[in-house]
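Hi,

Here is the structure I promised to pass on. Have a look at it first, and my notes on what turned up follow below.

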Amino acid sequence: MILTNAPGLTPEEVERQVTFPIEIEMGGLPDVRQVRSLSKTGLSHVVVIFEDNVDTYFARQVVFERLAQVAEKLPENAEPELGPISTGLGEIYQYVLEAGYYCPQHRQLWSAEAGDCPQCGVRLAKSQYSLMDLRTLQDWVVSPQLRRLAGVNEVNSFGGFVKQYHVIPEPALLLKYGVSLEDILEALEANNSNASGGFLVRDWEQINVVSKGLAQAADDLGTIVLKAEQGTPVYLSDVAEIEIGHQTRNGVVTKDGRGEVVCGMVIMLKGSNSKHVVDRVRSEIPQIQKSLPAGVRISPFYDRTSLIQACVRTVSTALGQGVIFVVIVLFIVLWDIRAALTVAVSLPVTAAVALLLMGWQAVTANLMSLGGLVIAVGMIVDGAIVVTENVARHMREPANRDKPRTTVAFQAVVEVARPVIFAILIIVVVFLPLFTLESMEGKMFKPLALTVCFALVGSLVVSMTIVPVLGSLVIGRREGSSRRDFLVRAIQAVYTPVLLLAIRGRWITIAVAAAVMAGAFSLAPGLGTEFLPPLDEGALAINVVRLPTAGTEGSARQASAMERTLLDKFPEIETVVSKTGRAEIAEDPMGPEQSDLLIMLKPGYESISGRDKPQLVEAVGREVEAFPGIRPAFSQPIALRVNELISGIKSDVAIKIFGDDIDVLVGAAERIAPVLAAIGGAEDVKIEQVSGFSQIEIRPDRRALARHKINIRDINLLVEAAVGGKVAGSLFEGQRRFDVQVRFPKEHRADVEAIKKLLVGSPAGYNVPLSELAAIAEVEVPAQVSRDDFRRRLIVECNVRGRDIGGFIAQAKRRLAPIEEALPEGYRLAWGGQFENQQRAMGRLRIVVPVALLLIFVMLFGSLHSFKSALLIFFNLPFALVGGILAIYLLELRLSVAASIGFIALFGVAVENGLVLVTFFDQLRKRGVAPREAVIEACRLRVRPLMMTTLTTLMGLLPMLYATGSGSEIQKPLVAVIFGGLISSLALTLIILPTLYVLFNGRTAPCPADLPERA
């Protein structure tokens, strides 16, 4: 982010003189993905987006080098600087400084309202700290102490008044004493500095020589001599008032309808752990509070850890419940407490291995990584179940009664080792293509994929080492113990006749299966699509846009009125903070016509009035829209910043119109907006405001200037200093530094008529009114100029509520096709916002999914050494899709990136059972058993491990399926796909797969010559 203040330049001039030269230089940098910009009055905001793999400090270095090259092309006083080393989500902690009432005897007590002290009954005293005092405390006390904390890159101050010393010349006195503004500026610069004289050597000592000429107070400025006539000096105080004032501000912060406050925003260093940084800030705030005056309080209103803790709490609860459900299933299905404990032990050991590997790879415990453990909790016992069940079965066979336990356990492990190892490795391999995801989806789902892989690798090690050792020690060898397993016997009593019937009518079975599959696939086109489900942040954000001519003060008053209305009518709301305009570090370059309302909701707000989030948004929208002259757009704090980070907008969907002529762009946008608003689901439709901004233009008449021998520089200096105010040095108060600004009194710059009367000095010794030297008029100019990929662009944006974004955009594209075709040559439309993310992610997944399928088949062939058997198991995948599609349809979810990744994970999980079963089919056939009998025997012996592996996975996923806390929205589509797919793939594995095996191998005789010795 490159920020350049260009005082006095209109948006078009900023674009031409500042933004465009910087853009051109940035375009040739290595690994640049996108360059976009925004030019507003006096501000250029250029964003350079690099590829994800580019080192941040390398990127900043090459940008610095290019800025050095372009510096000479920029206007005077236009100095570009880079934004903080952070991300669009770097604002992790926000607070306000408030002055209220305090007790003189109990200074820690603070109240926003007048009253008596509850401890001693003394009347509360009111703090005398003004908004300027609060801003000074923020800039020179609070901010420096927070900025020194590890992981804090910047503390941005917003609101209040930045203190300045104002030199206010009186035009009449300037004429009287024959002094010009230039004389004042030069005198201030020449009489407010220190100088070093080196040092003097005296014997063996040296003494520094310093000229102390810095002004120490306003009185020092007043005694500066401007000129002297006949020995009589003219002091600055003779022609100007010197007083404390404030910097012209571009933004205001209000809170809870009680008026203005000073806001601080802690910006995290890119790559830091947000929870650790916030914890440091929270622990430092009480220490800083002690150093503040009585009656001044730091009040946090946004804390990222609240959302982090809510998300982690959601997945941690689901993880704990999943473990409990898995253990219960183990005891019920195994019906052997020793065998069940053997499998259960693998859970904590595997989790410990996964956590160690996560620490090794610096994967933090967050929503996605813990979500990966939730997904894996049912899978990590699969190998242990198969091994334990086979060890138990071998222990109970009469033929193994006299063999040592270790020998029996070893033989049992060898029998299932190959399918177990390959089954787990297949799931791991399936997750590997997810590491190719990029941008936002890559950052979100790579921790999940890593955690799942770590857990599965740990489960493989545990299943092949610890589980068989424990099994050989604790599993009983009694023959009759299996008779107590009434659940498995009941399942077999139902399952075996159904299997025999399916094999007997194999063609009917296949036809029914194909019909079910076709019916499920027919639902797929009707599934809505989106990038990711919205995360409930426990807060709302409303971007309010007014007319371009709206001023800071009026916008702030309206924002305060909105705050009071919302707090009065909605008990769910805890606090409302409005940010109008922009801060000094303009990460969000809003104008005074825009406000962001951050609405913090109370915990468990749904139970207060019975309204869920959509209902609350609708109700709040009705109240806000009742205010005249505004256009609100609803979002959430993080979502708002993410959308802005993606496309420079604050809505879900953006239609970008590219071209050169702003009028043509506006005309196209005005045709697009009503069409977009008429589409179902479109909310908060608005056109980016680029017109309707008024400014007073002073156009010098060069012939008139020539007659009076006046330069344009003289007019520019007058306008810059007398009207706008020009900084002419600084004044120090201890370590605090404040600008000294020269500016005419307000009555001499209040309107066009006053500006016309300003006098410009001629070298001939007389003064000329500005109106005789220039045409002065109020005109309408563009409010801002936006650029994207080196072209001007205008955005029509909207939010989508009540339907999927993919379906909405597909419909919008059809409706807008005639408008797009009618655009003049050189103009085009492009789509941005979340849809941009969705397109990129789905494009990558179109490559990743076939790669995952290919890897699955290669692993299957490597395990079975049979193309036919590998292909047979591969038929399991379409049936897994059936369940996933039905789950999305029945739960009214949408096909998102999370759901697509769920399908990829499902492919690996669904293959596992088929691999175990087909491997046993082949083993029995090699022993000389006919295909039909081999299938029936294998299904009878493997029904319990198959049921257990599926049930444990399902039970491990179940808590995440019904979870409702923050973060569950992201995980639910992924979990639902795996859950539904496992159910359908289990039906295939137990019914369709055996039927297909008999059909494929019915005419193939067993090969006794190849039979291994039976274990």
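A definition before anything else: a contact here means heavy atoms within 4.5 Å. With that in hand, take the contacts in the chain between residues at least 6 apart in sequence: 77% of them join residues at least 24 apart. Keep in mind that this is a predicted model.

Some overall numbers for the chain. Its secondary structure comes to 33 helices and 33 strands. Of its 1015 residues, 55% are buried.

Now for two helix pairs I looked at.

The α10/α15 pair: helix α10 covers residues 337-360 and helix α15 covers residues 466-474, and they pack with their axes 9 Å apart, at an angle of about 155 degrees. Angles over 145 degrees count as roughly antiparallel, so that is what α10 is to α15. Their crossing is right-handed. On the α10 side the contact involves R338, T342, V345, S346 and V349, which meet I466, V467, L470, G471 and V474 of α15. Sorted by class, the residues of this contact are six nonpolar, three polar and one charged.

The α5/α24 pair: here the axes of α5 (residues 181-190) and α24 (residues 712-724) come within 10 Å, crossing at roughly 70 degrees. The range from 65 to 115 degrees counts as roughly perpendicular, and α5 and α24 are therefore roughly perpendicular to each other. This crossing is left-handed. L181, E182 and L185 from α5 meet R713, L717, L718, A721 and A722 from α24. That contact has six nonpolar and two charged residues, with no polar ones.

Last, helix α30, residues 876-890. The buried residues of α30 are N876, L877, F879, A880, V882, G883, G884, I885, A887 and I888. What do they pack against? Their partners are α17 (506-523), α28 (834-864), α29 (867-874), α31 (897-926) and α33 (968-1001). After α30 comes E892, which has a positive phi, near 55 degrees.

Cheers

Definitions and conventions:
Residues are numbered from 1 along each chain as its sequence is written. This is a predicted model: local features need pLDDT of at least 70, side-chain atom pairs count only at pLDDT 80 or more; totals for chains, interfaces and linings use all residues. Side-chain values use heavy atoms; hydrogens and water are left out. Buried means under 20% relative accessible area, exposed over 50%, partly exposed in between (1.4 Å probe, protein chains only). Helices (H or I, at least four residues) and strands (E, at least two) are DSSP runs, numbered from the N terminus. Axes are lines fitted to C-alpha atoms, for helices over the stretch in contact, and angles run from 0 to 180 degrees between N-to-C directions. Angles under 35 degrees count as roughly parallel, over 145 as roughly antiparallel, 65 to 115 as roughly perpendicular and the rest as oblique. A crossing is left-handed if the near helix is turned anticlockwise from the far one by less than a right angle, and right-handed if clockwise. Ala, Val, Leu, Ile, Met, Phe, Trp, Tyr, Cys and Pro count as nonpolar, Asp, Glu, Lys and Arg as charged, and the others, Gly among them, as polar.
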